[in-house]
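Subject: Structure handover

Hello,

The structure we spoke about is below, with my notes after it. Please read it alongside the notes.

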There are 4 protein chains.
Amino acid sequence: MDFSLSDELTDLKARVEAFVRDELIPRERDPRQGPHGPSDELRRELNQRALAAGLFAPHMPREWGGLGLDHRGKAVVFEAAGYSLLGPLALNIAAPDEGNMHLMEQVADERQKHRWLGPLSRGETRSCFAMTEPRPGSGSDPGMLATTYRKVDGGYRINGEKWLITGAQGASFTIIMARDVNSPEGKPRATMFLADMDTAGISVDRTLDTLDQSFPGGHCEVSFTDVFVPDEDVLGAEGEGFRYAQVRLAPARLTHCMRWLGAARRAHDIAVDYASRRHAFGKPLIEHEGTGFQLADNEMDIHTSRLVIAHTAWVLDQGHKGRHESSVAKVICSEAIWRVVDRSMQVLGGFGTTGDTVVERIFRDVRPFRIYDGPSEVHRWSIANRLARGQQK
Amino acid sequence: MDFSLSDELTDLKARVEAFVRDELIPRERDPRQGPHGPSDELRRELNQRALAAGLFAPHMPREWGGLGLDHRGKAVVFEAAGYSLLGPLALNIAAPDEGNMHLMEQVADERQKHRWLGPLSRGETRSCFAMTEPRPGSGSDPGMLATTYRKVDGGYRINGEKWLITGAQGASFTIIMARDVNSPEGKPRATMFLADMDTAGISVDRTLDTLDQSFPGGHCEVSFTDVFVPDEDVLGAEGEGFRYAQVRLAPARLTHCMRWLGAARRAHDIAVDYASRRHAFGKPLIEHEGTGFQLADNEMDIHTSRLVIAHTAWVLDQGHKGRHESSVAKVICSEAIWRVVDRSMQVLGGFGTTGDTVVERIFRDVRPFRIYDGPSEVHRWSIANRLARGQQK
Amino acid sequence: MDFSLSDELTDLKARVEAFVRDELIPRERDPRQGPHGPSDELRRELNQRALAAGLFAPHMPREWGGLGLDHRGKAVVFEAAGYSLLGPLALNIAAPDEGNMHLMEQVADERQKHRWLGPLSRGETRSCFAMTEPRPGSGSDPGMLATTYRKVDGGYRINGEKWLITGAQGASFTIIMARDVNSPEGKPRATMFLADMDTAGISVDRTLDTLDQSFPGGHCEVSFTDVFVPDEDVLGAEGEGFRYAQVRLAPARLTHCMRWLGAARRAHDIAVDYASRRHAFGKPLIEHEGTGFQLADNEMDIHTSRLVIAHTAWVLDQGHKGRHESSVAKVICSEAIWRVVDRSMQVLGGFGTTGDTVVERIFRDVRPFRIYDGPSEVHRWSIANRLARGQQK
Amino acid sequence: MDFSLSDELTDLKARVEAFVRDELIPRERDPRQGPHGPSDELRRELNQRALAAGLFAPHMPREWGGLGLDHRGKAVVFEAAGYSLLGPLALNIAAPDEGNMHLMEQVADERQKHRWLGPLSRGETRSCFAMTEPRPGSGSDPGMLATTYRKVDGGYRINGEKWLITGAQGASFTIIMARDVNSPEGKPRATMFLADMDTAGISVDRTLDTLDQSFPGGHCEVSFTDVFVPDEDVLGAEGEGFRYAQVRLAPARLTHCMRWLGAARRAHDIAVDYASRRHAFGKPLIEHEGTGFQLADNEMDIHTSRLVIAHTAWVLDQGHKGRHESSVAKVICSEAIWRVVDRSMQVLGGFGTTGDTVVERIFRDVRPFRIYDGPSEVHRWSIANRLARGQQK
């Protein structure tokens, strides 16, 4: 067991931290941001800065212009980037694009990579991932997948409704999860498809108002009406949708943990700073145990989250799928991070509920993380199931 | 001990519930609402409807056009009104006006009541309460009060800065808390003043962006520059500011508990309804214990909050000041209500983080309640102090 | 709503408090106590003292020598008695006798009352309640009831195994819960029987070592081998066992809450006293917020528990069955009381883990309360079920 | 970052697990155990078995007959040993001996090592560590140290009272922490002394009744009356007592975490096994989410504890003092382990409160760990202090 970072990674971390401090934090109040994240113009500017700093797309292999980080390397860099809500976008490691890149890199063929992955990894496009469905379709239960495909001459026809599709508005292309219309009820056979968003029959019907505000394009309702996808745009192999979902989901959960841990640390640092300077009842807030203990608990939640992330990253780096470990990490980190942010707001008092610090934004943006990519309840159920089947370690 | 409601109160409760259901909930998406609450026009319309329903200003004595409810009566009616975020405003029982009315009713003289309380209680005006100050002034610690007054010919001159002054933008008048400029450091002598907001030297400098959105006029920075207040506009007696603050605060904390309990119940009902209809893994969510237990915990938190409110209201109705009881109620209710709303959002999943239900609004609006009117930490400290002094029951 | 106590009840409470303080607490280290509670000799002495003080069997109707307390009266008196672990035994209001008395009073016939209830209510005998069974019998799930009865000439023959039967060792008689051997699997038809413990075929096979130590007779394994019970010793009517179980259980849960609340208050008072006198880092522990906040939380947990108990008692006093309310009260109180005792131990530090205060005993004795009479999980499940069926209020 | 174990350590772990399973668990009900742990005879027998298995004193350097484990190696082996409450004793890695060995190895001179460390490390003797004092002496606050020493001809005279001195009854020698009688109030100068327990003036006055039962010799009151310690039996240097206390405490806290983590895992495994076999309401308990989620939380608490321990061990292995890290680990692990054990008992229901499984013993034995070696409150305060001083990482 060894918890040290390589010199190279230590250096990279320092460079990301400097970039966040010097380039991003001063731009956090750039007016080109709205309820659905930064504008495309702002995003591209930030990308240019990251490129200039040699920090762009660090998760991509070097042949795709990245730094070829392994999962442990991502753990360090993504947390550092997450310290600003602009960080993941600037480095092109934000959801859902980052997860889509990872998935395509694993299962797309060369033509597909050239057509979709290349521009995406260079920040020329955005993408979305169309899996979640409104009631009575598939939320947490993949067996309820309701969007269908049927084989037609030269390709497939897709019909269905999706929602909470992050970034759909403004995306260039989407990955669509659909079920074989002929597969049995409750036991769907699923396939993933690649399609440009301007394909006939794809419609972004609504961008939802949401608690969180940092995702470009927001969270959308998207409908698919007799959408034709040619055979060659099946992502990977037909019928392998659920397997690919796992390929995407385990690492994607973990990169969420990494990024949000950075945001939680930001909130915590702001709270520590404030509590050290704001006085009440004769001494700084931080010297009141009622405040100091909350900050101590923050320290501990941040510490355990970081360790759990590092461990899961190591498991993935060993070539394991890490389904159990990523479930565990998702529950632990999403709940610990939430506590950190909530306590930071509490320590800040009324100040914390205003837009005068970024804590209020983080508070709103991070709450959904206890829900998306599997709510805590679904992961606890999975963990318990594994225990019941004697598969626990 | 008797937990029954009088027939009269039971009937009134039913009428408020019907009003909320039939008149308010259908209007919750009225576009005349922004980040700082409903417009004045909308507020007045809602007031007219409440008046027509015989439900307007129920907390006011009958001679002031109200229903003369005691604290226990308020507990029932305010909770029912809080079931819609529009309810308190419609009935003219929203903060800070409701607390100001209570305070003025107790300590203002007849002239002051005629001039300020009358129009306020009739919904013709709004008011604000200027006590909280930015660093290094008085937040939770009243001893740090920094806004000063000094005696001048015929009145007083007031100087200082306030912030998080709810409703200042658009208020007709304010109650100002200030310290005698000659009182010793750390032991200020405080006085309350009444002043119209258009008095020379009063300036609303900024309306803060805040997590919550339901208060008309938002939360503002207000500065007082050589503001002249004539002798007759001292509220009550000079030098009694801290005593009056207690007259206002104990009941005001409790009415917050009442209103927010209604909102929490609303979130819970929406979650129960959704969990009963949304299926996953072969049955409705509510039949999954991971969901059902959260809703059961909601039930219990709502139940204890209601009991604690009722008890404190009874203490106040006996003529006691209820400082201890209202501190206890504030901590218990603000934390229980928060848990209820947070769990409701969790049960709703992604749906809950969108504006498609009111839960997302309640989530944002209720979070600051763990902070304002004394954060949990200050109240726990007071309770512990009382224990240390052997004053606990 | 009225939270006042009658003068009579206030006076009675004071008398119980004085009795506990003057007669019981000084005797808490009487050596006639072992791992399974006080000896019979000690119990009878304490009963005599309670009788002399006019406080014996206060829950019984006046015609049975009691004080005829209603449930709200019990709430006050039982809490006061619970302040010493000897209190419930001294007043003859300890489990399981108290619950058995309540049940018999409701459903036994005159002959049965004369034969069994009379001596029990006078403290001449002890009793037990034989319902819980070892795996694979009935624990929390009554449908798994495995002990059977079959009709024979003039009565019934009972066979089966019970365990965790509190007080069986030394009991004079038992109430036996058994299923009609002919009733269908999973849908048992149950009946309660009265039987002297020296009936042929009844055997106390083992007294279990348990965490708790205050119940006379301990918790036992009891077997029933072809036990004959004559027709006239059926308790109430044949086939009504489950209905009677509810008659017994709802109030019995609540009286547990009452008694243990007293014990929790004792632990809290000891902790407050210690924290006020023990110094560290320059001041009494209680002035450290890390300690003071725990004690404040104790205050709040005690307060809510008392309110919830009072409310449920009021519901029962209105003639309602209170199944929902007693489930809610059981979960809230057993968990709140546990927190109080655990925090009290924490505040006491190493001292609290020793037998030098009674807190260590209370800690051990109260932990099982989160389990018996329905573990928290079963009650949460019931509460959620009621919500799912739309029966919540 | 690397979470893998060396082959050697993996093999050693497996051997300890086999030893615990085959040699210790079958002997857990050996009657030679009482309220203050196993008898000396039993201890020696177990030591012989460990010796035969090549697992004795694995923490000691090879020249002292051990396996020369570093802290990370201890993390693995001590957890495996802790799986049985007999494990630490069998391997001679139980508190307080293990911590005393570590301390002496670091600061004792050769003569002292030969005289005291040798026999102790071979299991021929037991020892104790006399630091904690009753009120008004030093509990958590070292500044309140009340036991004094004064220089006399050829040595020192020690006077004072200690309590909760683990293992004093039956110990061959003790390390005594005392203050220079001439050092200023609140700023004591402290020294550690070595002394045989049969030295004139040392008296074990009482063995306390305690919640926990696994420490041989129990927790005792020890008084020192004019005890003479010659100059050469000062441990290390005069005046360095507080520094040495840190040398002992940081690793000692961590080895507690390791051992108790093993015990928690044992409780969890018993609960998982039971919940998989006990049915209620139509399926195994573990398939009820109310139970399964508790077991999932256990998994997560065990996982984070193990990671935090490993990380702190790594910090110590780098030669750092690890004061911050060991404080953090102590709070996280003691609280997480407690939750695991408490949940395990809850899952086991009534069964768990009996002596029929070892969970009841673990429950009692582990509770004090949230208190000794610094209660959670003191460590949170230290962590907050470090934050306040800007020393956090």
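D:Phe281 counts as partly exposed because 14 C-beta neighbours lie inside 10 Å; a residue is buried if 20 or more other C-beta atoms lie within 10 Å of its own, exposed if 12 or fewer, and partly exposed in between, with C-beta atoms placed from the backbone. D:Phe281 sits in the loop between strand 10 and strand 11 (283-284) of chain D. Its phi is near 50 degrees, a positive value in a residue other than glycine. Helices (H or I, at least four residues) and strands (E, at least two) are DSSP runs, numbered from the N terminus.

This is a predicted model, in which local features need pLDDT of at least 70, side-chain atom pairs count only at pLDDT 80 or more, and totals for chains, interfaces and linings use all residues. Residues are numbered from 1 along each chain as its sequence is written, while chains are lettered from A and ligands numbered from 1 in the order in which they are written.

On confidence, the model scores ipTM 0.97 and pTM 0.97. Chain A has a mean pLDDT of 96, with 99% of its residues at 70 or more; pLDDT is the predictor's confidence in each residue, from 0 to 100.

Next, the contacts between chains. Chain D and chain C each put 37 residues into their contact, where two residues are in contact if their C-beta atoms, placed from the backbone, lie within 7 Å. On the chain D side, helix 11 gives the most, with three residues. That side divides into 13 nonpolar, 13 polar and eleven charged residues. Here Ala, Val, Leu, Ile, Met, Phe, Trp, Tyr, Cys and Pro count as nonpolar, Asp, Glu, Lys and Arg as charged, and the others, Gly among them, as polar.

Between chain A and chain D, 33 residues of chain A are in contact with 33 residues of chain D. Helix 8 of chain A supplies the largest share of the chain A side, 14 residues. By class, the chain A side has 21 nonpolar, six polar and six charged residues.

Within chain C, helix 3 (residues 71-82) and helix 8 (residues 289-317) pack at an angle of about 150 degrees, with their axes 7 Å apart. Axes are lines fitted to C-alpha atoms, for helices over the stretch in contact, and angles run from 0 to 180 degrees between N-to-C directions. The angle makes helix 3 of chain C roughly antiparallel to helix 8 of chain C (over 145 degrees). Among the residues making this contact are C:His71 and C:Arg72 of helix 3 and C:Trp314 and C:Asp317 of helix 8.

Some single residues are also worth a look. A:Asp373 is not a glycine, yet has a positive phi of about 55 degrees. A:Asp373 lies in the loop between helix 10 (359-366) and helix 11 of chain A and counts as buried, with 24 C-beta neighbours inside 10 Å. A:Asp153, in the loop between strand 4 (148-152) and strand 5 (155-166) of chain A, counts as exposed, with 6 such neighbours.

There is a cis peptide bond from B:Ala95 to B:Pro96, with omega near 0 degrees. A cis peptide bond also joins D:Ala95 and D:Pro96, with omega about 0 degrees. D:Pro96 is found in the loop between helix 4 (87-90) and helix 5 (97-107) of chain D.

Regards

Terms used. Angles under 35 degrees count as roughly parallel, over 145 as roughly antiparallel, 65 to 115 as roughly perpendicular and the rest as oblique.
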